[in-house]
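Here is a friendly briefing to read alongside the structure. Take a look at it, then go through the points below topic by topic.

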Amino acid sequence: MNGMASSWDNRVAFVVRYLYDIDCNGYLDAHDFHCLALRSCVLEGRGECSSSRLQKYQHIMLSLWEEIAQLADFDKVPDYDGIITVDEFKQAVMNCCVGRRYEDFPQAMKAFIESNFRLIDLNSDGVLALEEYRYDCVQRMVLEDIKIIDEAFYSLLNDDDRRRGGLTLSRYQELFAQFLGDQSEDCPAKHLFGPLEL
């Protein structure tokens, strides 16, 4: 896998492109987070979408949008344009995530990370296993070899993870913090979302 794919810039751009920019227009706005709320509700409900679950996700996602907008829309003075570019998002991540532990991340971002783990943990057993990781990867990426996905998953695991059969929420949080906060190309969490491409 190409070293540039593991760069911090590419990892942060990946978060924008594959986790937040749900309408794929190249920037973030409130529309993305409204759509993320609905998608998360439907995915967690395996097709069912209760109003209480939708309200929960609307609160999480719109709080995340407000937090990102506050941290990242650097051209809001004198006129707020309502969009966050990839470069603005990178600057916000640089300011609030680089070199920090998960506990020090903005609150709404932590709520998103926790809800994202719950969506990936398909059987709700509290462990993100290989099969769940594979399922998550192939929804976002075009991959032709299962071995590449498996290698990416196993590269994330420490001895405790191997004994458990995957990643717990606390390990996922730790790895997510490294994914955004460690600027090295050899970041231990570089494959958290699969084998990244440029």
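Beyond its neighbours within four places in sequence, Arg-162 is in contact with Tyr-154 and Leu-157. This is a predicted model, and Arg-162 sits in helix 8, which covers residues 159-164.

**Arg-162 in its setting**

- Arg-162 counts as partly exposed because its relative accessible area is 45%, and the range for that class runs between 20% and 50%.
- Arg-162 and Ala-129 lie 33 residues apart in sequence, and their C-alpha atoms are 9.8 Å apart in space.

**Helix 1**

- Helix 1 takes in residues 8-20, 13 residues in total.
- From its first C-alpha to its last, helix 1 reaches 17 Å, close to the 18 Å expected at 1.5 Å a residue.
- How much of helix 1 is buried? The count is 10 of its 13 residues, so helix 1 is largely enclosed by the rest of the structure.
- The buried residues of helix 1 are Trp-8, Asn-10, Arg-11, Val-12, Ala-13, Phe-14, Val-15, Val-16, Leu-19 and Tyr-20.
- Those buried residues pack against six helices: helix 2 (30-44), helix 3 (51-72), helix 4 (86-96), helix 5 (107-120), helix 6 (130-140) and helix 9 (169-181).

**Helix 5**

- Helix 5 has 14 residues, which should span 20 Å at 1.5 Å a residue; its end C-alpha atoms are 20 Å apart, so the two values agree.
- Helix 5 is mostly covered, with 10 of its 14 residues buried.
- On the buried list for helix 5 are Ala-108, Met-109, Lys-110, Phe-112, Ile-113, Ser-115, Asn-116, Phe-117, Leu-119 and Ile-120.
- As background, an α-helix has 3.6 residues a turn, so residues three or four places apart point the same way.

**The cavity**

- Searching the whole structure turns up 1 cavity of 30 Å³ or more.
- The volume of the largest cavity is about 40 Å³.
- Which residues line the largest cavity? They are Ile-68, Leu-71, Ala-72, Phe-89, Ala-92, Val-93, Cys-96 and Met-109.
- Helix 3 and helix 4 are the elements that give two or more residues to this lining.
- Helix 4 gives the most to the lining of the largest cavity, with 4 residues.
- The lining of the largest cavity has 8 nonpolar residues, no polar ones and no charged ones.

**The largest pocket**

- The largest pocket has a volume of about 500 Å³.
- There are 24 residues in the lining of the largest pocket, and Arg-39, Leu-43, Asp-136, Gln-139 and Arg-140 are the ones nearest its centre.
- At least two lining residues of the largest pocket come from each of helix 1, helix 2, helix 5 and helix 6.
- The lining of the largest pocket divides into 13 nonpolar, 4 polar and 7 charged residues.

**Cysteines**

- How many disulfides are there? With a cut-off of 2.5 Å between sulfur atoms, the count comes to 0.
- The sulfur of Cys-35 is too far for a bond because the closest cysteine sulfur, in Cys-24, is 11 Å away.
- Cys-35 has 26% relative accessibility and so counts as partly exposed.
- For Cys-137, the closest cysteine sulfur is in Cys-187 at 15 Å, which is also too far for a bond.
- Is Cys-137 buried or exposed? Cys-137 is buried, with a relative accessible area of 0%.

- Most residues other than glycine have a negative phi.
- Arg-46 is not a glycine, although its phi is positive at about 50°.
- Arg-46 belongs to the loop between helix 2 and helix 3.
- Ser-124 is not a glycine either, and its phi is positive at about 55°.
- Ser-124 falls in the loop between helix 5 and strand 1 (127-128).
- Ser-124 counts as exposed because its relative accessibility is 59%, and exposed means over 50%.

**Gln-70**

- Gln-70 is part of helix 3.
- With a relative accessibility of 60%, Gln-70 counts as exposed.
- Gln-70 and Pro-188 are 118 residues apart along the chain, and 29 Å separates their C-alpha atoms.

How values were computed
Residues numbered from 1 in each chain as written. Predicted model: local features only at pLDDT ≥ 70, side-chain atom pairs only at ≥ 80, totals over all residues. Heavy atoms only, no water. Expected span 1.5 Å × (residues − 1). Buried < 20%, exposed > 50% of the residue type's maximum accessible area, 1.4 Å probe, protein only. Contact = heavy atoms within 4.5 Å. 1 Å grid on protein atoms, 1.4 Å probe; cavity = no way out; pocket = protein on both sides within 12 Å on 5 of 7 lines; lining within 4 Å. Points joined across faces, edges and corners; volume = space filled by probe spheres on them. Nonpolar A, V, L, I, M, F, W, Y, C, P; charged D, E, K, R; others polar.
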